[in-house]
Amino acid sequence: MIAMETPTKHKELISWVQDMEKMCRPDKVVWINGSLEEKKRLEDEACGTGELIKLDEKKLPGCFFHRSNPNDVARTESLTFICTKNKEDAGPTNNWMAPQEAYERAADIFGGAMKGRTMYVIPFSMGPVGSKLSKIGVEITDSIYVVLNMRIMTRIGDAVLKVLGENGSFTKCLHSKADLDIKKRLILHFPEDNTIWSVGSGYGGNALLGKKCLALRIASWLGKTEGWMAEHMLILGIDRPGKETKYITAAFPSACGKTNLAMMIPPEGYKAKGYRVWTVGDDISWLKIGSDGTLRAINPEAGYFGVIPGTNSKSNPNAVATIKKNTIFTNAALTPDNTVWWEGSDDPAPPKAIDWSGNEWHPGMVDDRGVSVKAAHPNSRFTAPASQCPCVSPKWEDPEGVPISAILFGGRRANVMPLVFETLSWNHGVFTASTVGSEKTAAQEGVVGEIRRDPMAMLPFCGYNMGDYFQHWINMGKKIPKLPKIFHVNWFRTDDHGKFMWPGFGDNMRVLDWILDRCEGKVDAIQTPVGFVPKASDINSEGLTLAPGTIEKLVSVNQAEWREEQKDQEKFFKTFGDRFPKELWDEYDGLKKRLG
Ligand code: GTP
Ligand code: SPV
Ligand code: MN
């Protein structure tokens, strides 16, 4: 089969594409150029086969609906592997497979998997095209859904090939849905070969290979060798009256509030004074030392792949505005008037709908065991262009990145963790980040309330031994002339009745305000064994209706609880053996002494 003319003279790229074509045996090969004609042609074709459903053009212009296979609705961590020559280089937190075995096992599944299909070749840039901070990848896929999502989430096409030139380096990303059989699903990373092979899934982080696979797992490895960092962090800018915009990053585990914080609208009182929040990114951040000595962050992505349920004009008005057009909705419910609906939407439930799995649904429906049936999958997602966000930062595509004043870490913790504390030093901040934990919710496997350690919110995304990753964080601290301060936040502390004590969402501005004041040395704090907490009176509660003493409770540090917490930290740290940095054991010991 003769491919269409190749739009590049890059020999390594051409020969790799030919090799993959030989293995996957598609009917034809199409190089993606990124044009609007091409987009239209692919949308038409996908609507023809039912892969996409065109939504009502008046109510949701340019929007499409997609249902993934019901066995394929989230990342599959147990089928995700880091394939380094030495097992120790993948570390105790990753699944490992020897590269040769991995290539062989996957080749069996990829062999002939694209028969009767088209193989698309997508050149893409993570980060603004041509920026020194950007990286190029090429994804081969047999899924139009993947092409159209990559078109939103990354920069694709001829402009990228031009920057790649005839011998630029790129990450080789091979993807096939194959037959969507979970027993033949593998998400393989070969950091030593700058290569990703993903087969058997068509969903999100498993299939849009620029996102978690390249921009976190491969990039974290590149960052360690090249002296920068790839992190699971949102980036936002904050305007305060009479001051220049300050930027912060924040790492929270999946579905713990990054998109919400990144697009937050400050409370009325703050807005009136001139406070404003700007979104630079909502999921991934690449951090490098700038020539001015600050730590600079870029968002390598160009779109948002956000959690749909719970998105409404109270929780996240900016997201609601962002997804009004040119958006792909995956696994929400389809209404009879050809729009989409989800639990926690602004609209009342439709009298009937087709749910995320393709079955008829009506409000109040329960299953055999009497459990209410959800119309939208809890992990249903929107894919929308970042440029459509009303509060997108004017600097979101700045090739130099934005200078970071503070780094926040946090998880979902009903107790122990105060609303906010400032760490005592960079190394203490890294220690605190390495202990981040988050509660499993009723929707996850395991015991409800059980803490899963998720250091830096990177547990599923670090492409190498996390002991070495912690060391890299320590080493970076020695090299950054203008170090950001590191904070820990927790929006999820509950009272004796299990109710969230903190209103969260836009009101998180009150905490960010204190954080920036600390960065500017404008407010004192109370030193506790775990770090600096605010004086209750320094958290502005104007306009909030909180029971007296709530802020005191929110920022309190219970030393007995912390001593318990440390036992669990120790167990976790020990799993890294001698790859665990001495500096972090020192911080552990320091905390233990302070706790008495
Ligand atoms: P990924 O895209 O999976 O990486 O997740 P994310 O961190 O961007 O998650 P997202 O912002 O979509 O989090 C959604 C969940 O967090 C929803 O259940 C929200 O209701 C909840 N959430 C977000 N912010 C807050 C908050 O300030 N307080 C409380 N109580 N819940 C919040
Ligand atoms: C996450 O799980 O952290 C996500 C969604 O952002 S996915 O792209 O599927 O990984
Ligand atoms: Mn994420």
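Biologist: How many salt bridges are there between domain 1 and domain 2?

Modeller: This is a predicted model, in which local features need pLDDT of at least 70 and side-chain atom pairs count only at pLDDT 80 or more, while totals for chains, interfaces and linings use all residues. Residues are numbered from 1 along each chain as its sequence is written, chains are lettered from A and ligands numbered from 1 in the order in which they are written, and side-chain values use heavy atoms, with hydrogens and water left out. A salt bridge is a side-chain nitrogen of Lys or Arg within 4 Å of a carboxyl oxygen of Asp or Glu. By that rule, the count between domain 1 and domain 2 is 6.

Biologist: Which residues make up the two domains?

Modeller: The bounds come from an automatic or database domain assignment. Each domain is written as two stretches of the chain, with domain 2 given as 231-302 + 394-595 and domain 1 as 2-50 + 76-226.

Biologist: Which helix gives the most residues to the side of domain 1 that touches domain 2?

Modeller: Across this interface there are 20 residue pairs in polar contact, both at pLDDT 80 or more; such a contact is a pair of N or O atoms within 3.5 Å, where within protein one must be able to donate a hydrogen and the other to accept it, and residues adjacent in sequence count only if both atoms are side-chain atoms. On the domain 1 side, at least two residues each come from strand 6 (118-126), helix 4 (144-153) and helix 7 (210-226), where helices (H or I, at least four residues) and strands (E, at least two) are DSSP runs numbered from the N terminus. With 11 residues, the one that gives the most is helix 7.

Biologist: What area is buried between domain 1 and domain 2?

Modeller: Buried area is the accessible area (1.4 Å probe) that two parts lose on being put together, summed over both. Carbon and sulfur atoms give 56% of the area here, and the total is about 2,800 Å².

Biologist: How far does a polar side-chain atom of Arg 75 lie from an oxygen atom of ligand 2?

Modeller: Arg 75 is one of the residues around ligand 2, and His 232 and Asp 283 are also among them; a residue counts as near if one of its heavy atoms lies within 4 Å. For a polar side-chain atom and an oxygen atom of ligand 2, the distance is 3.5 Å from Asp 283 and 3.3 Å from His 232. For Arg 75 it is 2.8 Å.
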